[in-house]
Amino acid sequence: MAAATLTAARPRARARTSLPVLLAGLVAADLAISVVSLSVSGAHLPLWAAVQAAFGTHNAYSTVVTQSVLPRVLLCWLVGAALGVSGGVIQGVIRNPLASPDVIGISKGAAVGAALIILVFPAASANLIPAGAFAGGILAFFVLYFLAHKKGVTPVRLALTGVAVAAVGDALIRFLLIRWPANINQALVWMVGSLYGRGPSAVVGILPWVAVLLPAVLYFARRLDVLGLGDDLASGLGERVELTRFVTLLLAVVLASAAASVAGAITFVGLMAPHIARRLAGGKHLRYLPLAALIGATLMLVADTLGRGIDPPLDIPAGLITAFIGGPYFLYLLVKAVR
Amino acid sequence: MAARTLTRRASRPCSSAATHHVTTAVVVALGLALLVAGAIWDLGIGASGMSPGAVLHALAGPASSISHQIVWTIRVPRVLLAAIVGGTMAVAGVIMQGTAANPLAAPDIVGVSAGAALVGVAGTVIFAGLGGTALVLASIGGAAAAAFCVIGIAGAGQGRTGPARLALAGVTVTAMLLALTQALLLLHQTGTAGVFFWLVGGVNFASWQDIHTIAPWAAAGMAGAMLLARPLNILALGEDTARGLGLKVTRTRILGVLCTVCLAGSAVAVAGPVAFVGLIVPHIVRLLVGTNHLVLIPVSGLCGAALVTLADVACRYVQFPFETPTGVVTALLGTPFFIYLARSQARRTR
């Protein structure tokens, strides 16, 4: 019953390894990268001492590790998981493997919100930037839903209207950047997405959203499978299609907006993570969404660690590195599809 | 011969043939009037304002007068470039929509503008001093790479690309190119604001040099577009029918994409990605004059020129005496139209 169209589109994508093994392997890989990541900072920290400091032993590196490095590692897990799951849900609801929070305008909405605070109200407290981004993302979703609504929404209309909403956001950002150019570089870094300078308060800001919404999304996993069968069949099976679509999309959008509020408009994680997860575990949402969360975390960990480590003390924004990884991955998909 | 009659009949349903002729004449007259009025208005705006009469007088006046100097060296190139960029972008949109048989195909959506813009920024930031024809060639290369990427992704494995697939593939590739552009800007933080101005697209700082750079490419692209008009009319009958009528479909498509990237790439190299002209103009013109490319292409060119010239007039009032890029105005005009189009497209594909 739950053979989603996403699997049907790619019949070879069968689970080759059992799910617990995959989950355990990914958790282990993420933990390993996290440990390495702890020792990468503006100044190189000794690995063991950094790990000890992270677990509460007081030593010379405690301040750096607990105030700067450890929060970033935790944020990578949370942001990556949020983006990966959000992308998976959006791809499932829109029934298109190319959809993602950045494509349907959610990240652009968040970027408009943040750019508005950064550029127009530069004197405002820095705490307002995450709030602006969060509000922008949610607002973009409601605009999208309203514009796409005409006796209900269809996946195609959601996708196309989402692209249009993203274009509107782009135009607004351009206007803001040209009209109030004083803080243009800060706004640019934010729009690419970076964890630079994020401390424990950012972790506290996003943790509740992820802790509540990830289980909520998994609760809807079976219904997402049913939605994947197409509107007619799904409603024939007793699913309230419109309601499920709205609720699951809203969950995904809140996750993406929460991620954007702490990390900026990170691209390609929400596109790539669910793709890889489906290749590993097949198209059932209950199976691949947890994997997508872990793969999202992996991508973020790799990107942020590289960003800190490539050319210290320069902190290359993580969003640039995810785009550099995501671009070739996308081209690889293209080449594979052409064959 | 058979192909010709068939195209005629298909493109001009018999009942509306006469009305189309009348509307076409009205649209052409209106477009010309708007273009001329916009141009004269635009020529009059600046640090020293001039009335329309004074503009005409300065244009024809003695070469020694100051107003003659101002108009001919600063303002005429700007207006001329606005018209050329508008015309090339609009025609690029017509050809791309005809080639992809997809109403959402436009230089902005298919990543052509973003590809050319990335190369343009690289040319300014990394290879400082890359300009003129070299930059145009590089931009056309970037535009072509992006276009083939998007069309390849959207069309891979499927007979025909639906508008949703094309739009999603276009946005994703555009996002990738935009990220690369931003990477360049962040890693070379000198002159970011200036580059950003260019990235929005505008004719604000046009010079005669720009006109000389773009003119041959625009002319070649327009000629290519007119040569493609008949094949595109046949292609509009459907791929199978076109093949049956002896059209080399793949060759026509490749030539169409090349023509588009030549037009849009050269426009972006000189003026930056002026948004949405290639999407809006062909749609409106098609509604008015019908689907015959022999008419559609020149009329779209004319209306695109008029639109960007008027947008350039409008952008000067946003924060006079400071400059606002022309692209901001076209983007704000274009996005509501894009939303409308997305809604109606989705209805049709449903």
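Biologist: Leaving aside its neighbours within four places in sequence, which residues is Val79(A) in contact with?

Modeller: This is a predicted model, and in it Val79(A) is in contact with Ile206(A), Ala259(A), Val262(A), Ala263(A), Ile266(A) and Met300(A), once neighbours within four places in sequence are set aside.

Biologist: And which residues touch the most other members of the largest nonpolar core?

Modeller: That core has 240 residues, and the ones touching the most other members are Val79(A), Ala159(A), Val163(A) and Ala259(A). The largest share of the core, 17 residues, comes from helix H4 of chain A, which covers residues 62–94.

Biologist: What does H4(A) do with H2(A), and at what angle do they pack?

Modeller: Helix H2 of chain A, residues 19–38, packs with H4(A) at an angle of about 155°, and their axes are 10 Å apart. The two helices are therefore roughly antiparallel to each other, and their crossing is right-handed.

Biologist: Which residues make that contact?

Modeller: From H2(A) they are Asp30(A), Ser34(A), Ser37(A) and Leu38(A), while H4(A) contributes Val65(A), Val69(A), Leu70(A), Val73(A) and Trp77(A). By class, the residues of this contact are six nonpolar, two polar and one charged.

Biologist: Back to Ile206(A) and Ala259(A) for a moment: which helices do they sit in?

Modeller: Ile206(A) is in H9(A) and Ala259(A) is in H12(A), and both take part in the contact between those helices. The axes of H9(A), residues 200–219, and H12(A), residues 241–263, come within 10 Å and cross at roughly 160°. That angle is why H9(A) counts as roughly antiparallel to H12(A), and the crossing is left-handed.

Biologist: What is the make-up of that contact by class?

Modeller: The contact of H9(A) with H12(A) has twelve nonpolar residues, two polar ones and no charged ones. Among them are Trp209(A) and Leu213(A) on the H9(A) side, and Leu251(A) and Val254(A) on the H12(A) side.

Biologist: Changing topic, how many residues does each chain put into the contact between A and B?

Modeller: Chain A gives 41 residues and chain B gives 41 residues. On the side of chain A, helices H7 (155–179), H8 (184–192) and H15 (318–338) each supply at least two residues, and the largest share, 15 residues, comes from H7(A). That side of chain A divides into 30 nonpolar, eight polar and three charged residues.

Biologist: What is chain B built from, in terms of secondary structure?

Modeller: Chain B has 14 helices and zero strands. Buried residues account for 54% of its 350 residues, and among contacts with a separation of 6 or more, 79% involve residues 24 or more positions apart.

Biologist: Are H4(B) and H9(B) roughly parallel or roughly antiparallel?

Modeller: The axes of H4(B) and H9(B), the latter covering residues 208–235, come within 9 Å and cross at roughly 25°, and that makes H4(B) roughly parallel to H9(B). H4(B) passes H9(B) in a left-handed crossing. Residues that meet there include Leu80(B), Ile84(B) and Val91(B) of H4(B), with Ile214(B), Ala218(B) and Met222(B) among those from H9(B). The contact comprises 15 nonpolar, four polar and one charged residues.

Biologist: Where does Pro107(B) lie, then?

Modeller: Pro107(B) lies in the loop between H4 (66–100) and H5 (112–125) of chain B, and it counts as buried because it has 35 C-beta neighbours inside 10 Å. Not counting residues up to four places away in sequence, Pro107(B) touches several residues, including Met89(B), Met96(B), Thr260(B) and Gly278(B). The C-alpha atom of Pro107(B) is separated by 37 Å from that of His68(B), which is 39 residues away along the chain.

Biologist: Which residue in chain A has a positive phi although it is not a glycine?

Modeller: Phe268(A) does, with a phi of about 75°. For context, most residues other than glycine have a negative phi. Phe268(A) is found in the loop between H12 and H13 (269–281) of chain A, and it counts as buried because it has 28 C-beta neighbours inside 10 Å.

Biologist: And what about phi of Phe276(B)?

Modeller: Phi of Phe276(B) is near 70°, again a positive value in a residue other than glycine. Phe276(B) lies in the loop between H11 (249–271) and H12 (277–289) of chain B, and with 28 C-beta neighbours inside 10 Å it counts as buried.

Conventions. Residues numbered from 1 in each chain as written. Chains lettered and ligands numbered in written order. Predicted model: local features only at pLDDT ≥ 70, side-chain atom pairs only at ≥ 80, totals over all residues. Core = buried A, V, L, I, M, F, W, Y, C linked by C-beta atoms within 7 Å. Buried ≥ 20, exposed ≤ 12 C-beta atoms within 10 Å, placed from the backbone. Helix = DSSP H or I, 4+ residues; strand = E, 2+ residues; numbered from the N terminus. Contact = placed C-beta atoms within 7 Å. Nonpolar A, V, L, I, M, F, W, Y, C, P; charged D, E, K, R; others polar. Axes fitted to C-alpha atoms, helices over the stretch in contact; angles between N-to-C directions. Parallel < 35°, antiparallel > 145°, perpendicular 65-115°, else oblique. Left-handed = near helix turned anticlockwise from the far one by under 90°.
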